[in-house]
Amino acid sequence: MSAGRKTVAAVDLGASSGRVMAARVGAGVVEMREAHRFENRPVRVGGTLHWDVLALYQGIVDGLRAAGQVDSVGIDSWAVDYGLLDADGALLGNPVHYRDARTEGVAEQVWKTVPAEALYAITGLQYAPFNTLYQLVAAREAAALASARQAMLIPDLMGYWLTGVAGTELTNASTTQLLDASSRGWSTDLAARLGVDVGLFPPLRQPGSRIGDLLPAVLEATGLRGPVPVTAVASHDTASAVVAVPAGAGERFAYISTGTWSLAGLELERPVLTEAGRTANFTNEAGIDGTVRYLRNIMGLWLLQECVREWGAELPPLLAAAAELPALRSVIDAADPAFLPPDRMPERIRQACRTTGQPVPDTPPQITRCILDSLALAHRRAIQDAQRLADHPVDVVHIVGGGVHNTLLCQLTADACGLPVIAGPAEAAALGNVLVQARALGLVGDRVEMRALLAKTQSLMRYEPTGDRGAWDAAAGRLGS
């Protein structure tokens with residue numbers, strides 16, 4: 001490991017905003033600052049919801065200018081969505097948002113050709129209506145797909161625009177439902193059976209590999225001096241967040257990456273491709289160093305974000321009021337796809353409580369408490385199920401991501417799981433991005449060393465379980481779980 005220090009830029013694209021973080025890394029040091037934050041506003045045109053990727057790219061360029069001279073750049077983002085390019089490398093329209101309705105009913109069509117059981121046995125991926133496979137099948141008759149010569153996942157597309165070099169980073173590729181979970185290569189047979197041209201995706205590349213250098217035009221736009229390498233990090237933001245779990249060597253841990261989604265599960269050495277795992281809706285996604293992220297997607301703080309947006313409310317007073325209310329009065333299934341679309345979230349939550357014969361929360365604090373109790377219950381169920389299905393017991397739960405600021409949710413998760421919770425770091429995806437770049441530069445060693453560096457340098461909070469476990473059992477029983 002090098003004893004020097006270097007500065008890297010972590011581009012972290014989220015569902016509602018993007019940011020460029022500048023980090024100074026070296027022996028015993030990780031110092032990170034936000035150089036630039038920019039809005040990510042989806043746009044609905046002609047009845048289709050799109051990502052405004054040109055605005056995102058401009059935000060990246062502005063952020064690199066604000067970051068100043070750096071020794072490397074890495075990009076992570078959400079998964080599954082892609083852009084199509086023509087033979088000249090030009091973008092064929094803005095990528096479609098995973099929350100768009102075009103994939104409704106597509107999974108059922110796919111299963112007529114490849115049954116769900118067979119699909120899971122190959123890809124190990126949980127059912128989600130927006131998986132890339134279903135998006136490509138939904139777009140099969142679209143003119144843009146017929147004209148396309150390449151398909152690039154969002155961070156790969158941004159990397160291509162920065163360097164001119166095409167590729168498909170492994171951790172994000174593993175979310176497409178087109179990758180073989182055992183071989184970690186494209187499942188060409190599966191794709192052919194479903195009429196999907198997997199050859200549209202550029203060759204796979206590993207986290208930590210060098211993509212290329214910033215193009216001269218990019219250097220000019222950012223004011224940076226070249227060469228500046230762009231490094232393939234764990235480009236699925238959850239994969240980057242798991243890199244930044246500050247677990248000790250040999251610690252038996254579960255993790256929850258919290259934000260718009262809650263991703264709750266385990267880090268394993270091999271996939272779990274059982275039928276029991278499929279019916280429990282667990283996914284096997286690639287992590288760094290050959291690891292598997294065995295996890296369940298839970299709707300996450302999206303539920304609360306949508307309510308707060310509709311109410312036009314401030315979050316801190318809502319959380320304070322919710323903390324004073326009785327626990328577990330009403331709970332919902334936070335993994336229910338019914339909560340996936342935007343708009344009218346408070347009414348959908350009230351309706352779910354009516355349907356299950358529970359008291360209907362009326363006020364914003366009551367709905368907020370319902371959401372947080374329900375998320376904690378979903379976290380508990382996911383972690384219990386993961387331990388059972390993978391035969392992998394845990395002693396502690398690490399919460400990383402934006403949800404660490406929600407102290408009520410962290411305490412409720414400890415109470416629900418009956419396990420201590422260690423919360424932090426909040427900027428997990430960006431820090432994981434930084435650490436993979438740092439390792440590529442020779443500044444840090446293996447995963448154990450990466451995590452030890454975070455445990456030493458980041459602010460962490462520990463929550464011990466309190467209260468009556470039986471109350472959580474009873475609440476779970478109301479949802480039939």
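Reader: In which loop does M299 lie?

Author: M299 is located in the loop between β16 (292-298) and α12, where helices (H or I, at least four residues) and strands (E, at least two) are DSSP runs numbered from the N terminus. This is a predicted model, in which local features need pLDDT of at least 70 and side-chain atom pairs count only at pLDDT 80 or more, whereas totals for chains, interfaces and linings use all residues. Residues are numbered from 1 along each chain as its sequence is written, and side-chain values use heavy atoms, with hydrogens and water left out.

Reader: Is M299 buried or exposed?

Author: M299 counts as buried, because its relative accessibility is 3%; buried means under 20% relative accessible area, exposed over 50%, and partly exposed in between (1.4 Å probe, protein chains only). Leaving aside neighbours within four places in sequence, M299 is in contact (heavy atoms within 4.5 Å) with T260, W261, S262, A334, A335, D336, P337, F339 and L340. M299 and L136, by comparison, are 163 residues apart in sequence and 23 Å apart in space, C-alpha to C-alpha.

Reader: Which residues touch the most other members of the largest nonpolar core?

Author: In soluble globular proteins, nonpolar side chains tend to be buried together. A nonpolar core is a set of buried Ala, Val, Leu, Ile, Met, Phe, Trp, Tyr and Cys residues joined through side-chain atoms within 4.5 Å. Here the largest core has 138 residues, of which M158, Y294, L303 and I349 touch the most other members. Helix α15 (residues 364-390) supplies the largest share of this core, 13 residues. For I349, the contacts beyond four places in sequence are C307, I332, F339, I367, C370 and I371. A second, separate core of 29 residues includes V114, A139, L153 and A286.

Reader: Why is helix α16 described as largely enclosed?

Author: Helix α16 (residues 407-417) is largely enclosed by the rest of the structure because nine of its eleven residues are buried. Those buried residues are L408, L409, C410, L412, T413, A414, D415, A416 and C417. Just after α16, G418 takes a positive phi of about 65°.

Reader: What is the volume of the largest pocket?

Author: Rolling a probe the size of a water molecule over the atoms shows where empty space is left. On a 1 Å grid over the protein atoms alone, a cavity is a set of points where a 1.4 Å probe fits but cannot get out; a pocket is an open set with protein on both sides within 12 Å along at least five of seven lines; lining residues have an atom within 4 Å of a point. Grid points are joined across faces, edges and corners, and a volume is the space filled by probe spheres set on the points. The largest pocket has a volume of about 1200 Å³. It is lined by 46 residues, and D237, T258, G259, T260 and W261 are the closest to its centre. Elements giving two or more residues to this lining include β1 (6-13), β2 (17-26), α10 (237-243) and α17 (428-440).

Reader: What is the volume of the second largest pocket?

Author: The second largest pocket has a volume of about 570 Å³. Among its 19 lining residues, S16, P42, W302, E306 and R309 are the closest to its centre. Helix α12 gives the largest share of this lining, four residues.

Reader: How many cavities of 30 Å³ or more are there?

Author: The count comes to three cavities of 30 Å³ or more. The largest cavity holds about 90 Å³ of space. Its lining consists of T123, S174, L179, D180, A181, R184, P271, N284, E285, A286 and V292. Strand β15 gives the most to that lining, with three residues.

Reader: Where does H97 lie?

Author: H97 is in the loop between β7 (82-85) and α2 (106-113). At 5% relative accessibility, H97 counts as buried. A polar atom of the H97 side chain lies 2.9 Å from the backbone nitrogen of R99. Beyond four places in sequence, the contacts of H97 are P42, L49, H50, W51 and D81.

Reader: What is the phi of Q177?

Author: Phi of Q177 is near 65°, a positive value in a residue other than glycine. Q177 lies in the loop between α7 (170-173) and α8 (188-193), and at 2% relative accessibility it counts as buried. L328, which is not a glycine, has a positive phi of about 60°. L328 is placed in the loop between α13 and α14 (345-355), and at 8% relative accessibility L328 counts as buried.

Methods:
A polar contact is a pair of N or O atoms within 3.5 Å; within protein, one must be able to donate a hydrogen and the other to accept it, and residues adjacent in sequence count only if both atoms are side-chain atoms.
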